[in-house]
Amino acid sequence: MTRTTQHEAAPYYLPIGDELDVFEAAYEARLPVLLKGPTGCGKTRFVEYMTWRLYRQQESPRQLLSEPLVTVSCHEDLTATDLVGRYLLRGDEAVWMDGPLTRAVRAGSICYLDEIVEARKDTTVIIHSLTDHRRMLPIEKTGELLPAHADFLLVISYNPGYQSVLKDLKPSTRQRFVAIAFGYPDAEREAIIIAHESGVDVATAQRLAVIGAKTRQLADQGFDDGVSTRLLTYTGQLIRRGIDPRRACEIGIVHAVSDDATVQQAVADVVDVVLP
Amino acid sequence: MTQGVELLDLERRIALFAQAITGSPYEVRASETFTGDEVIVRHDRAMLSSKALFLPSRIATNVDRQINRRVYRLLSLHQLGYREFGTFAFRLPFAAEHSQVLANRIGATDSIRDSDLDVFYARFAVPALARVLFQLIEAYRIDCRMLAAYPGVRGDHQREAATELARRQPLDFVIGLHEVLEATLRYTLGVPAQALAAIDATGIMQQLLAIVATVERGGADVYVTVDGVAAVYALLDEARLVPPASTSIAVEGDLDVPRPEIHGAPPTEWLQRENRLDDWIEELEGLDAMIATAASDAEAGISEAGAERPPEIEVRQVTDQRDTLARRIEMERNTLRHALGHDDKPQSQSYLYDEWDCHANRYLRGWCRLYERRTEPGAAADVIALLKRIAPHEQRVRRQFQQLPLQAYQRTRRVIDGEELDWDQILDHHTDLRRGAAPDERVYQRRDRVTRDVAAAFLIDLSASTDDPVTKPEPAPNPDDDDDSFLWQPLKIERDAPPPRRIVDVLRDAIALMARALDSHGDAYGVFGFSGYGRDCVEYYVAKEFGEAFRSGSMRALVGMRPRRSTRMGPAIRHSTAKLARTGSALKVLIMLSDGFPQDCDYGPDRSDHEYGVADTARALEEAAHAGIQTFCITVDRSGHDYLKRMCAEDRYMVIDEIESLPDALTKVYHKLTA
């Protein structure tokens, strides 16, 4: 559920617009950030990259922090306890163990709640006091009112593509964040990303980017977001490892985007004409 | 034996492919169904129209079925290439800017009625020759761009080009205009320039083909083609191969070079006119904005200092100009509609559906074409009126919905990880430890969420009969039948009486009430309407899709639903079934609201034969049930029992006697189906 990211080298990230400047400004002001965009468009990578810039660059005063980014992939069974912490039994004792959010609040890390709408609404309410002027985390079970470290920042992400009333942020939660919208990059930039991430040659990366762009034009046919940059990169990785490009696209794109057999055939046709 | 492929089998696949390539939805139709007045389409040729891609109804040229299927794809890609690679974006003024040669050739270009391409051809002594040259070179340019962008079709293109070359009459010598054109076409199909130069008696082939080859360079646009047309024409003129303009019969003979099958026959001139319409509309919007600004300036008492003419004269001139342009746009739209045979409705997705023929006891394949469109939004004032009407009932309906459990929590004990400790288990754990037994580590409890996963489609019959008033007006008394002196008093006309409430109003109100309650509840639902006229034009209107929130736009769309034409229920149910299946929800519900039995002008061999439509609707409902969809039909037709009992099971329909009770009935049905 949680993981710690410690990049010594900068993670690869290709800026699309002014998102780097916007995020840095938000961090300076310690404004909570909401990243919204379709699946696989680079939101998580962006947070990893920004964490590196803010915590791992040579001039950063926060270089010594061992866990600069705490990521939580939210799901519908995620509870407040999972975020804040719980008592664990150790021998005869019940020992308190901080959850990922509490760890980040204490240490001054960036806490990234990925796909926040997947979590239960009663769970997300606990972040409210962290995202206004109070910057406090109440820990009900220990009775502690934990003030956030000066460097702490909360970042959440969600995908408005498959939102519904059930899977939407409550306005009281949404209006605590500044929002940065992400989309898929244009074909030229997407090709650069695919080439870098998968190691395929530029021409192949360009073809994959074209397939991505064309397939997204079918987004109203039962798949909300179309093929993601991540899927295109995976496909590139298969090609790089010797899988025939058409077969790689079949595995990575055609069957992944839709279960509708005719849509699959149409996407396979697009793949077939775009690849040499 | 050849393995032919029917277009019917590939229609949706090609339509999706076309949408992926161009980003716009296209109907895919058999060429023989083209109905335009001004364009002749051979049934074995592909053609592009503004909304449709016309293809041969069957391809059986190859033994391999797969290859025949790929031929369809190649034909489609070439036709779509005209749009993708900018043929219709041709504009004379830009052409004049492109090169001095073209500028000299084109000259002044004011007030164009014809296609810019036709005007361009007319700048030559023999316009028909210019047109043939344009078609030849432009088809080649499209092929070059297509093969560069989609190298995967190169093999198919080479094979079909070779087949085409084998099909054509042999060319032994290039001695006149006809042979020059044939040789040029052969070059575009892959015959090497040297081979053609070797049989050239005119001495211009090498130079001519070098001009044609300019479109091979990457990114060549339509202006490179017209440049080439002017240069080739000049070359032919120099070689005295251009026939005298007066001998039109001779010209036609010379120019009679059959177009290859793979190049099809797109009506480029008409489609260019259609594309140009967008420029005019933009110009009209600009003029409207100018008039609006001038009007507001005049109101504010602002006028340009030092203006030579009084501002009102300028406004009048702009208004005249605007009116002329608006008239021109309307005329052009009508002309295009007749020429290209399409309706004036916005571009929409089309789907083919089978129909059950109860007389022949079989399905008629791809029998109905259904067009899916967004409903045109109704007026804001109508939305307000509707909200006022439903306001008194909203709280009651909402309360009824609150009784449906949105989500439930189930407590699971003895788990290895959970949000709370289970103290009973801890006690056991300690006891085990004390007595030296291996303790059970499962000392937590957790709450699991059980969520409703419902998708509901509300399908509203928008047939013309829903325009009828809910309460039929009392028939006017006949004075001959009654000698009551009261009736002879002067007739009082109630001018301010509200319009009578119609069936469609009640249907819309009920759905609006339902939608607002459902929206706060959280189930996914869609609101759709259907009507149409004839099997080739079943209309399916979308007011709200499953994934959308019910906001003001959806309200306006719902209010925009109005009575239209017939009631072909089968395809509308089949389309709703397909849409529901795509939601992937665990519980899928289709509720159809209608005011009468299924009927359409050709719903069955005889218009008075209602059995055919009832049987097809029954079959469509059965298909939905097989797809795991709960269906329910509600009708406000009091005689509905007669046909509904033949269409669905007894517990799957309801006849509403008092139409005003529809909202409550609808809520009850929804509860029953989804609780």
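Buried residues, those with 20 or more other C-beta atoms (placed from the backbone) within 10 Å of their own, make up 45% of the 276 residues in chain A. This is a predicted model, in which local features need pLDDT of at least 70 and side-chain atom pairs count only at pLDDT 80 or more, while totals for chains, interfaces and linings use all residues. Residues are numbered from 1 along each chain as its sequence is written, with chains lettered from A and ligands numbered from 1 in the order in which they are written.

**Chain A**
- Chain A has 11 helices and 10 strands, taken as DSSP runs (H or I, at least four residues, for helices; E, at least two, for strands) numbered from the N terminus.
- Along the principal axes, the C-alpha atoms of chain A fill a box of roughly 65 × 45 × 40 Å.
- Of the contacts in chain A between residues at least 6 apart in sequence, 69% join residues at least 24 apart; a contact requires C-beta atoms, placed from the backbone, within 7 Å.

**Chain B against chain A**
- In chain B, 25 residues are in contact with 28 residues of chain A.
- Helix H1 (7-22), helix H2 (65-84) and strand S10 (444-451) of chain B each give two or more residues to the side that touches chain A.
- H1(B) gives the largest share of that side, seven residues.

**Helix H18 of chain B**
- Ser554(B), Met555(B), Ala557(B), Leu558(B) and Val559(B) are buried in helix H18 (residues 552-559) of chain B.
- The cover over the buried residues of H18(B) includes helix H15 (380-402) and strand S12 (524-532) of chain B.

Methods
Buried ≥ 20, exposed ≤ 12 C-beta atoms within 10 Å, placed from the backbone. Contact = placed C-beta atoms within 7 Å.
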